[in-house]
Amino acid sequence: MSDRQIVRRPGRPRKAEEALRRRELLEQALSLFSQHGYGHLSLEHIAREARVSLRTIYRYFGGKAGLFRAVIRGYSDLFVAALPVGEGCPGNPEPVLLEFAREYLYHVTRPELIQLRIQAMALARQLPEVARESYAEGPERTITHLARFFECYRRNGLLAPVDTRFLAGQFVNALRGERYQRLQFGLEPTPSRREIDDWAREAVSLFLRGCLDDRGSG
């Protein structure tokens with residue numbers, strides 16, 4: 001055997017394999033939660049479909065509630081990664097917000113994410129503690145990162161002196177708009193990447209500039 005060949009020893013998977021296994025499990029869990037809902041889905045079913053042991057799920061996530069929160073947080077990670085919080089303010093916030101908007105809209109408009117959101121909202125009555133924890137891992141975390149991003153510009157005098165958390169909530173609402181409600185009701189097809197780009201660009205531009213036409217002022 002060449003001294004360049006790698007001998008794989010038995011034992012626990014390496015970190016890259018662990019990360020891949022965890023990611024695949026989260027993808028399978030997203031599909032199952034979207035199809036069946038939280039209350040009607042057992043860990044045994046998830047383990048069987050994902051081809052992992054119950055012990056693996058408990059080791060990674062601590063149980064079904066932890067797995068559900070991890071699925072939601074995983075998609076929040078994709079959104080907030082576009083926001084350079086703690087790295088100073090880029091000169092112009094528009095390109096950063098546009099990148100965030102593209103990632104946000106692309107993922108939240110996928111059918112499985114829409115169904116997951118509906119399932120998460122349904123938990124508010126059935127399992128309020130799980131619903132609160134899930135909200136904290138997803139929507140609240142996204143709003144918090146956006147508020148920190150806006151705060152940087154407010155401190156530098158580039159934004160109006162308004163509450164940045166309120167501003168973050170208004171931005172997310174402006175992104176979704178009425179079109180997102182139509183998607184939730186199944187009244188229009190899932191948008192393409194190009195449609196998402198146009199949607200994001202128009203929403204960000206309108207949010208940053210407002211809708212008043214001041215060409216005739218003065």
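Modeller: In this predicted model, the contact in question brings Ala120, Leu123, Ala124, Arg125 and Gln126 of helix H6 against Pro128, Val130 and Ala131 of helix H7. Sorted by class, the residues of this contact are six nonpolar, one polar and one charged. Two packed helices are described by the angle between their axes and the distance between the axes. Helix H6 spans residues 111-126 and helix H7 spans residues 128-137; their axes come within 6 Å and cross at roughly 140 degrees. Angles over 145 degrees count as roughly antiparallel and those from 65 to 115 as roughly perpendicular; H6 and H7 are therefore oblique to each other.

Two or more lining residues come from each of helix H4 (64-80), helix H5 (93-108), H6, H7, helix H8 (139-155) and helix H9 (164-184). H6 supplies the largest share of this lining, with seven residues. By class, the lining comprises 18 nonpolar, six polar and two charged residues.

Helix H4 leads on to another site. The second largest pocket has a volume of about 170 Å³, and its lining consists of Arg23, Leu26, Glu27, Leu30, Ala70, Val71, Gly74, Tyr75 and Leu78. The elements that give two or more residues to this lining are helix H1 (15-36) and H4. H4 gives the most, with five residues. Six of the lining residues of the second largest pocket are nonpolar, one is polar and two are charged.

The chain has an average pLDDT of 86, and 89% of the residues score at least 70. Over residues 1-11, however, the pLDDT is below 50, and this stretch has three contacts in the model beyond near neighbours in sequence. Where pLDDT is low, the predicted coordinates should not be read in detail.

Notes: Residues are numbered from 1 along each chain as its sequence is written. This is a predicted model: local features need pLDDT of at least 70, side-chain atom pairs count only at pLDDT 80 or more; totals for chains, interfaces and linings use all residues. Side-chain values use heavy atoms; hydrogens and water are left out. Axes are lines fitted to C-alpha atoms, for helices over the stretch in contact, and angles run from 0 to 180 degrees between N-to-C directions. Helices (H or I, at least four residues) and strands (E, at least two) are DSSP runs, numbered from the N terminus. Angles under 35 degrees count as roughly parallel, over 145 as roughly antiparallel, 65 to 115 as roughly perpendicular and the rest as oblique. Contact means heavy atoms within 4.5 Å. Ala, Val, Leu, Ile, Met, Phe, Trp, Tyr, Cys and Pro count as nonpolar, Asp, Glu, Lys and Arg as charged, and the others, Gly among them, as polar. pLDDT is the predictor's confidence in each residue, from 0 to 100. On a 1 Å grid over the protein atoms alone, a cavity is a set of points where a 1.4 Å probe fits but cannot get out, and a pocket is an open set with protein on both sides within 12 Å along at least five of seven lines; lining residues have an atom within 4 Å of a point. Grid points are joined across faces, edges and corners, and a volume is the space filled by probe spheres set on the points.
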